[in-house]
Every structure is written in structure tokens, then in C-alpha cells.
Amino acid sequence: RSSDLNLPPILDRGSPPAAAPAVAPAPAPTEQIVLVVDDSLTMRLALTHTLEHAGYLVETARDGQEALEHIRANGMPNLVTLDIEMPFMDGLETLYAIRHLPGGETLPIFMLSSRTGQKHLRTAARMGANRYFTKPYHDSEFVAAAHGATGLPARIEAKLSGTIGGN
């Protein structure tokens, strides 16, 4: 008996089996995943806060190599944000690599950089970036662009204003 062995009743072979509790089926996944790639912890935290408040599930990587490893291990997210200047593999190299992965051809990719020159903007556009934001950026504009790229409807509580700075 379970009382003699200190086993829970479900493991007591002498007792009739207890009815299993009803379990609701898991809901279909509806969360949109954004992969934020930036070597600055401050920027990763700020973007995570902004995007989570807007209804996204956020995953992060510190550089392009880590981002590619993350994608290979977890599959394509719904949106990627890339800083341009990062160690090991910069944002432009990462953009190029993602565009050449299966499913990466149509993935929305936003560049986020302190570089304001036309040279970087044109290079990113030529390589397939969907949007280019300069730091500091307006989080309400960033979230609106993310909603447009992913199809996630804007939530009323996600109406944000202000700017986020950083490098």
C-alpha cells in the first residue's frame, strides 16, 4: 500500500487508478518572435522591454555568430533586428548570411545603427534590409514598423512614445 511505502496514491498498485485531470489542449502558437542582435546589453534590454510591451516574445544574441547559431538551433524568428557594428560578425555580414538561409529570403530584418550616413543605409538596403533605424530611435515608430512587418495587430497598451538611445 502507498501508506507503507510513502508513495503517492497514483503509484500504489493496490488502489484503483485515480481519474486523470482534464487537460485543455495547448493553444496554437500566436506569439511573434523577434530576435534582437546587438553587442550592447543596454540596447538588448531596451529593445526587449519595448518589444515585449508591444506583445512580442523576444530572444537575444550578442553578435552575428550567436544569432546564426540561435536560428539554426531554434528556427527562423518572425523578425530580426541587427546592429551594424558588432564583434565577430557585424550586422551586414549577418544580414547577408540570414538572407542565404532557407526561409531567410523573406524574413523581415531591421538594421539599427548609430551610423547615419547614406553609405551604410544604401549598403543595408542593397543587401536586403527591410528597414534602417538610426540610434536614438523612436520606439513608437519602431514598434509600428515591427507590427507592419510581422502582421501582429497593435495593442492599445503598446502605444509608446519617446526615444531610446545607446550604442
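Which residues in H2 meet which residues in H6? I find Leu47, Thr50 and Leu51 in H2 meeting Asp139, Phe142, Val143 and Ala146 in H6, where contact means heavy atoms within 4.5 Å. By class, I get 5 nonpolar, 1 polar and 1 charged residues in the contact of H2 with H6. (Ala, Val, Leu, Ile, Met, Phe, Trp, Tyr, Cys and Pro count as nonpolar, Asp, Glu, Lys and Arg as charged, and the others, Gly among them, as polar.)

Ground rules before going on. This is a predicted model, in which local features need pLDDT of at least 70 and side-chain atom pairs count only at pLDDT 80 or more, while totals for chains, interfaces and linings use all residues. Residues are numbered from 1 along each chain as its sequence is written, and side-chain values use heavy atoms, with hydrogens and water left out. Helices (H or I, at least four residues) and strands (E, at least two) are DSSP runs, numbered from the N terminus.

Back to the H2/H6 pair. I note that the axes of H2 (residues 41-53) and H6 (residues 139-150) come within 10 Å and cross at roughly 60°. Axes here are lines fitted to C-alpha atoms, for helices over the stretch in contact, and angles run from 0 to 180 degrees between N-to-C directions. H2 and H6 are therefore oblique to each other; angles under 35 degrees count as roughly parallel, over 145 as roughly antiparallel, 65 to 115 as roughly perpendicular and the rest as oblique.

Next, the sheet. I read an open sheet of 5 strands in the order E2-E1-E3-E4-E5, with parallel pairing (two strands pair if DSSP finds at least two bridges between them). E2 (57-61) and E5 (131-134) are at the edges with a single partner strand each, so one side of each has no neighbour in the sheet. On average, neighbouring strands of this sheet are turned by 20° against each other, direction ignored. I also checked E3 (residues 79-83) with E4 (residues 109-113): they pair in the parallel sense over 4 bridges. Val80 stands opposite Ile109 in E4.

What lies across the strands? H2 lies across E1 (33-37), E2, E3 and E4, and runs at about 165° to E2. H4 (residues 91-99) lies across E3 and E4, at about 175° to E4.

Last stop: H4 and H5 (residues 118-127) pack at an angle of about 10°, axes 10 Å apart. H4 and H5 are therefore roughly parallel. Leu92, Leu95, Tyr96 and Arg99 in H4 meet Thr123, Ala124 and Met127 in H5.
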